[in-house]
Amino acid sequence: LKLYQKQGVLKNKHVVISAGGTIEPIDPVRYISNRSSGKMGYALAKAAAEQGAQVTLVSASTTLPDPIGIKTIHIQSAQDLSKQMIATLPTADVIIMAAAVSDYRVGEPAVNKLKKQASGELTLTLVENPDILAQLGAMKKEQYLVGFAAETQNLLAYAQTKLVKKNADMLIANDVSKHQVGFGYDTNQVTILTKDQEPEVLPLQDKLSIARKIMQKISEVIN
Ligand code: CTP
Ligand code: CA
C-alpha cells in the first residue's frame with residue numbers, strides 16, 4: 001500500500017467513503033436496516049487505495065472484514081454517519097456516499113426491550129433522517145462529491161434529479177430491480193452521471209472493476 005501511495009493517480013488525495021447499511025434502533029435488541037452488503041463501498045475503498053489515495057472508510061453495518069491498510073471507522077445510525085462525514089469533510093478531497101442510509105429512524109427508541117402488546121399490534125413512529133449527501137453538498141468547498149442512486153424505475157430521471165438537488169458532482173445510478181445488480185450481489189451495472197458530461201453506461205461486471213472505473217474517472221476530473 002505504501003508503494004502504491006507514492007505513485008498512483010490519486011496520490012496526495014484524501015478519499016472518504018461511506019459504506020454499508022445504517023442501523024436504526026427500535027429498542028436495545030431490535031433495529032431497522034436494509035439489504036446493503038457494503039461490497040460496493042469496500043470495493044471503492046480498495047480501488048482508491050490502489051490508485052494511491054489516503055482512504056478513510058466510514059462503515060455502517062456489513063459482514064465484511066476491515067480492509068487491510070485502510071483506516072476504517074465504524075458507525076451505526078444515520079445520525080452518527082452524518083456527524084462522522086461532516087467531521088471528515090474539511091480534510092477530504094473526494095467524498096463518496098456509497099452507504100445505504102435509512103431514510104427514517106424510530107423517533108424515540110425504547111430504553112427497555114419492548115414487550116408483546118396485548119392489543120395484537122405495535123405502531124412505531126418514524127421520523128426522517130438527515131440527508132447526508134445533501135448536507136455535504138451544501139457545505140462542500142473544493143471537495144468532489146459523489147453519490148449513488150438505487151432505483152427500481154425511471155433510473156436516469158430520478159438519478160439526475162438527485163445529482164442536482166443534492167449538489168453532487170457525480171452520481172452513480174443503479175437499477176436494483178435487475179438481476180445481479182446492486183444490493184448483496186458481487187456484480188453491479190451502473191450509469192455514471194456528472195454535471196457536464198453525457199451519462200456513461202458501464203456494462204454488468206464485478207464491483208471491484210466498477211470501483212476502479214469510477215475512481216479512474218474521478219481522478220481524471222480532479223487532477
Ligand atoms: N443519502 C444520504 N442520506 C440519506 C439518504 C440518502 O446521504 N438520508 C445518500 C445515499 O448515500 C446515496 C444518495 O443519497 O448516495 C441517494 O440515496 P437514495 O436512497 O437513492 O435517494 P434518496 O434521496 O434517499 O431518495 P429516495 O430514497 O426517496 O429515492
Ligand atoms: Ca433513500
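Biologist: Why is Asn154 called partly exposed?
Modeller: This is a predicted model, and in it Asn154 has a relative accessible area of 46%. Buried would need under 20%, and exposed would need over 50%. The value of 46% falls in between, so Asn154 is partly exposed.

Biologist: Where does Asn154 lie?
Modeller: Asn154 is in the loop between S9 and helix H5 (155–165).

Biologist: What makes the phi of Asn154 worth a look?
Modeller: Its phi is near 45 degrees, a positive value in a residue other than glycine. Most residues other than glycine have a negative phi.

Biologist: What makes S10 mostly covered?
Modeller: Count its residues: 6 of 6 are buried. Each is therefore under 20% relative accessible area. Met170, Ile172 and Asn174 point one way from S10. Leu171, Ala173 and Asp175 point the other way. In a regular strand the side chains alternate between the two faces of the sheet.

Biologist: How do you know that S9 and S10 pair?
Modeller: Pairing takes at least two bridges. S9 and S10 are joined by 6 bridges, so they pair, and they run parallel.

Biologist: What of S1 and S6?
Modeller: Strand S1 (residues 14–19) and strand S6 (residues 94–97) are joined by 4 bridges. The cut-off is at least two, so S1 and S6 pair as well. They run parallel. Val15 stands opposite Val94 in S6.

Biologist: Why are S5 and S13 said to stand at the edges?
Modeller: The open sheet has 8 strands, in the order S5-S4-S1-S6-S9-S10-S12-S13, with mixed pairing. Strand S5 (71–74) and strand S13 (200–201) each have a single partner strand, so one side of each is left without a neighbour in the sheet.

Biologist: Which helices lie across these strands?
Modeller: Helix H3 (residues 78–88) lies across S1, strand S4 (54–59), S5 and S6, at about 175 degrees to S1. Helix H4 (residues 132–139) lies across S6, strand S9 (144–151) and strand S10 (170–175), at about 155 degrees to S9.

Biologist: Which residues touch the most other members of the largest nonpolar core?
Modeller: That core has 33 residues, and the ones touching the most other members are Ile17, Leu44, Ile96, Ile214, Met215 and Ile218. Among the elements giving two or more residues to this core are S1, S6 and helix H6 (207–222). H2 gives the most, with 8 residues.

Biologist: What is Ile17 in contact with, beyond its neighbours within four places in sequence?
Modeller: Its contacts include Leu44, Ala48, Val55, Leu57 and Ile96. A second, separate core has 23 residues, including Val58 and Met85.

Note on methods
Residues numbered from 1 in each chain as written. Chains lettered and ligands numbered in written order. Predicted model: local features only at pLDDT ≥ 70, side-chain atom pairs only at ≥ 80, totals over all residues. Heavy atoms only, no water. Contact = heavy atoms within 4.5 Å. Axes fitted to C-alpha atoms, helices over the stretch in contact; angles between N-to-C directions. Core = buried A, V, L, I, M, F, W, Y, C linked by side-chain atoms within 4.5 Å. Buried < 20%, exposed > 50% of the residue type's maximum accessible area, 1.4 Å probe, protein only.
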